[in-house]
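I'm opening my notebook for this one and jotting down what I look up as I go.

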Amino acid sequence: MKISERIAIDEKICNGKPVIRGTRITVQTILEFLAAGNSPSEILMQYPSLKAIDIQSALKFAAIELGRNYSIQ
């Protein structure tokens, strides 16, 4: 499933976790690097197949997901 131009979900890739399109790099991985204090340029050095827009897309995806309403049952 194409979530955006840069993010995709496919049950056959990384167990269905959202990934950067055309890679096996998960949105979660990018967010974890950022949360650990890595800068976008450090992430891009670690993963040369990424582009700066991929990091921005991961952040946007996370913001959209967290903007959903969650019901606690």
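This is a predicted model: local features need pLDDT of at least 70, side-chain atom pairs count only at pLDDT 80 or more; totals for chains, interfaces and linings use all residues.

**Ser57 and its contacts**

I started with Ser57 and skipped its neighbours within four places in sequence; what remains in contact with Ser57 is Arg6 and Ile7. Next I checked where Ser57 sits, and it lies in helix α3. Is Ser57 buried or exposed? Its relative accessibility is 14%, and buried means under 20%, so Ser57 counts as buried.

**How α1 and α3 meet**

Then I listed who touches whom. From α1 I noted Val27, Ile30, Leu31 and Leu34. On the α3 side they meet Asp54, Ile55, Ala58, Leu59, Phe61 and Ala62. I also sorted this contact by class: there are nine nonpolar residues, one charged residue and no polar ones. Asp counts as charged, and Asp54 is on the α3 list.

**Phe33, also in α1**

I stayed with α1, which covers residues 27-35, and picked out Phe33.

Which residues does Phe33 touch, once I leave aside its neighbours within four places in sequence? I found Asn38, Ile43, Gln46 and Tyr47 in contact with Phe33. I took a second look at Ile43 from that list. Ile43 is ten residues apart from Phe33 along the chain, and their C-alpha atoms are separated by 7.1 Å.

**Two residues in a loop**

Last entry: backbone angles. Cys14 is not a glycine, yet I read a positive phi of about 50 degrees for it. I located Cys14 in the loop between β1 (7-8) and β2 (19-20). Asn15 also has a positive phi, near 55 degrees, and is a residue other than glycine. Asn15 has its place in the loop between β1 and β2. Is Asn15 buried or exposed? The relative accessibility is 77%, and exposed means over 50%, so I wrote Asn15 down as exposed.

Key: Residues are numbered from 1 along each chain as its sequence is written. Side-chain values use heavy atoms; hydrogens and water are left out. Helices (H or I, at least four residues) and strands (E, at least two) are DSSP runs, numbered from the N terminus. Contact means heavy atoms within 4.5 Å. Buried means under 20% relative accessible area, exposed over 50%, partly exposed in between (1.4 Å probe, protein chains only).
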